[in-house]
Amino acid sequence: MTKNNKIDVLVIGAGMSSAAFCWSLSQTGIQVMCLEQGNWMDPNKYTSTHLDWEKHLFSDYSFNPNVRTLPQDYPINNSDSEIDPLMFNAVGGSSIHWGAHFPRMKPSDFKVRTLDGVADDWPINYYELEPFFDLNDKMTGVSGLSGNPAYPPMPKRQTPPLSIGKHGNQLISGFEKLGWHWWPAESAINSQQYDDRPACTYGGLCVTGCFNKSRSSADVTYWPKAINNGVILKTGVRVSEITLNQNGLSDGVIYYDQEGNSFKQEANIVVIACNGIGTPRLLLNSKSPSFPNGLANSSGLVGKNLMFHPVSCTVGIFEEKTDAFQGPVACSITSYEHYETDPERDFVRGFQMQCNRQLGPINTALGGLIEKPILWGENHHQNFEERNEKLIPITAIIEDLPELHNEVIIDETLTDSNGIPSPKVNYTTSENSKKILDFSVKRCEEVLGAAGAYKTISNQLVRGSGWHLMGTTKMGESKINSVVNKYGRSHDVKNLYVIDGSVFVTSGAVNPTSTIQAISLFIAENIKTNSKKLLEE
């Protein structure tokens, strides 16, 4: 094993949280290195530049690493999960495959114990994160419209909202008839040129990679600036474990390069940013005499309380073409009408309604998010024509409450190409979530009907919806019932940090990326403020 020179801060993973964190630290002169098991993506080679782009979504560019099976992927045992975990390994992480819907968590999301008597309150609140939300918006570039009554006041967005499209305007008519809240989606996609990146072309292929860099994935926003400031980014390397010294502090990691050679990288501070599945996998694989059940796991909560955001999908079928394929698939209009707890309902918390767009003909034929393919037979073409270009999809993103039985553990036999044990996901939808899902489908059918749909098709739980990976290294004030403190610092190992979505205490009912990045900037600021003390410990 080759031992490398010691550095100040070592970050594992190069996704959205890591990029923001590394950029922030790079402004201070702190020496930062990041290790990423994927590589840089070439926008000129994205499948969105190919005529057969849609085919790749079901093979080498699938959201699901078990389908993709690229060298940088690791397999996941999902046989006991009702939802498939979805992720991508590259510089930029899963933002390469990203829909780029960019809402913030709301103030109520941080105190559900106080408001509704469930789960736990976060040790931080919306207003502590607010300046970091604002900074992140500026760095990322957000298209949207200020003044959403569902939120506290926010600064003007960097660019105006993206076009909501013909299908969005059609759906608005339904919301207006019912008197329900709606608002243009906040999107991490340029509607006009911003930060030397062009405006969106409305091609609609965002989830297969944005070839013109108008979508604000981390590889085109934070990472170039961080590297320009001196951050060292090593790609194609896979970390197998985090090591400890005789004082019980982390002294670095062991990793493999693409040829299978083993290296030891020493560091004063180790930071994990591997998502809600990859982070507990790494901690659970980093066993030692001091931590026989996994590193930083004296609470027994590493890997526990996995939250996904269960998703229901309902499509309305209309007589006329809706042009719903024109534009970013996840960014049109949203509604928070059913977001907060209503004491008259038989469940707590709620959901966000998100107007989606339609992908191409292959996706339509295979069912899309409703996961109900058009069957072969004499009516195949008639049923295809009924759906093709005439749908308006609505997804309902459900607040998933933390439960101990939803977990990431280490599989007994499955490994990656370096022989590192892979994760197994055990996940079942809670009774509360099932009630919200059922309620959400009825509300989506209602608004689509009000908008003029003559028929609806629904899927109460989308199996292929595990985009949001949260909760498996819970943040809290006590080492008894949490893994890290409010600053992402391990209760057990004082120079070990977690900065990704696994620190979430509760999930809210919004896409988590904006909040993940705000938290990582908040943690970076604390490290910068206390850097002399932390680096000397």
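How much accessible surface does the chain have, and what share of it belongs to carbon and sulfur atoms? The accessible surface comes to about 19,900 Å². Carbon and sulfur atoms account for 50% of that area. The model is predicted.

## Overall build

The chain has 537 residues and a radius of gyration of 22 Å. A compact globule with that number of residues would have a value near 24 Å, so the chain agrees with that picture. Along the principal axes, the C-alpha atoms fill a box of roughly 70 × 50 × 45 Å.

The secondary structure comprises 13 helices and 16 strands. Of the 537 residues, 63% count as buried. Take the contacts in the chain with a separation of 6 or more: 74% of them are between residues 24 or more positions apart.

## Cores

The largest nonpolar core has 99 residues. F21, W223 and I242 have the most contacts inside this core. Helix α12 gives the most to this core, with 8 residues. Another core lies apart from it and has 23 residues, including W180, M353, C355 and A396. In soluble globular proteins, nonpolar side chains tend to be buried together.

What does W223 touch, leaving aside its neighbours within four places in sequence? Its contacts include A14, G15, S18, A19 and C22. Among the others are C34, W40, V91, V231 and L233.

## Helix α1

Helix α1 covers residues 16–26 and is mostly covered: 11 of its 11 residues are buried.

## Salt bridges

The structure holds 27 salt bridges. One joins D137 to R157, with the closest N and O atoms 2.8 Å apart. D137 sits in helix α5, while R157 is in the loop between α5 and α6 (165–178), 20 residues apart. Both D137 and R157 are buried. Another salt bridge joins the side chains of R349 and E399, at 3.0 Å from N to O. R349 lies in the loop between β10 (333–335) and β11 (351–355), and E399 in the loop between β12 (391–398) and β13 (407–415), so the pair ties together parts 50 residues apart in sequence. R349 and E399 are buried.

D492 and K479 also meet through their side chains, at 3.4 Å from N to O. Both lie in the loop between β15 (455–459) and β16 (496–498), 13 residues apart. Why does D492 count as buried? Its relative accessible area is 17%, and buried means under 20%. K479 has 42% relative accessibility, so K479 counts as partly exposed. Elsewhere, salt bridges that share partners join K106, D109, D116, E340, R349 and E399 into one network.

## Surface features

F58, I362 and L366 form a nonpolar patch on the surface. Together they have about 260 Å² of accessible area. I362 belongs to helix α9 (residues 361–365). Its relative accessible area is 38%, so I362 is partly exposed.

G368 lies in the loop between α9 and α10 (380–387). At 24% relative accessibility, G368 is partly exposed. Its C-alpha atom is 8.3 Å from that of Q358, a residue 10 positions away along the chain.

How values were computed:
Residues are numbered from 1 along each chain as its sequence is written. This is a predicted model: local features need pLDDT of at least 70, side-chain atom pairs count only at pLDDT 80 or more; totals for chains, interfaces and linings use all residues. Side-chain values use heavy atoms; hydrogens and water are left out. Patches are made of residues with over 30% relative accessible area and no salt bridge: like charges are joined within 9 Å, nonpolar side chains (Val, Leu, Ile, Met, Phe, Trp, Tyr) within 5 Å. Accessible areas come from the Shrake-Rupley method with a 1.4 Å probe; for residues, only the protein chains shown count as cover. A salt bridge is a side-chain nitrogen of Lys or Arg within 4 Å of a carboxyl oxygen of Asp or Glu. Helices (H or I, at least four residues) and strands (E, at least two) are DSSP runs, numbered from the N terminus. Buried means under 20% relative accessible area, exposed over 50%, partly exposed in between (1.4 Å probe, protein chains only). The radius of gyration is taken over C-alpha atoms; the globule rule is 2.2 Å times the number of residues to the power 0.38. Contact means heavy atoms within 4.5 Å. A nonpolar core is a set of buried Ala, Val, Leu, Ile, Met, Phe, Trp, Tyr and Cys residues joined through side-chain atoms within 4.5 Å.
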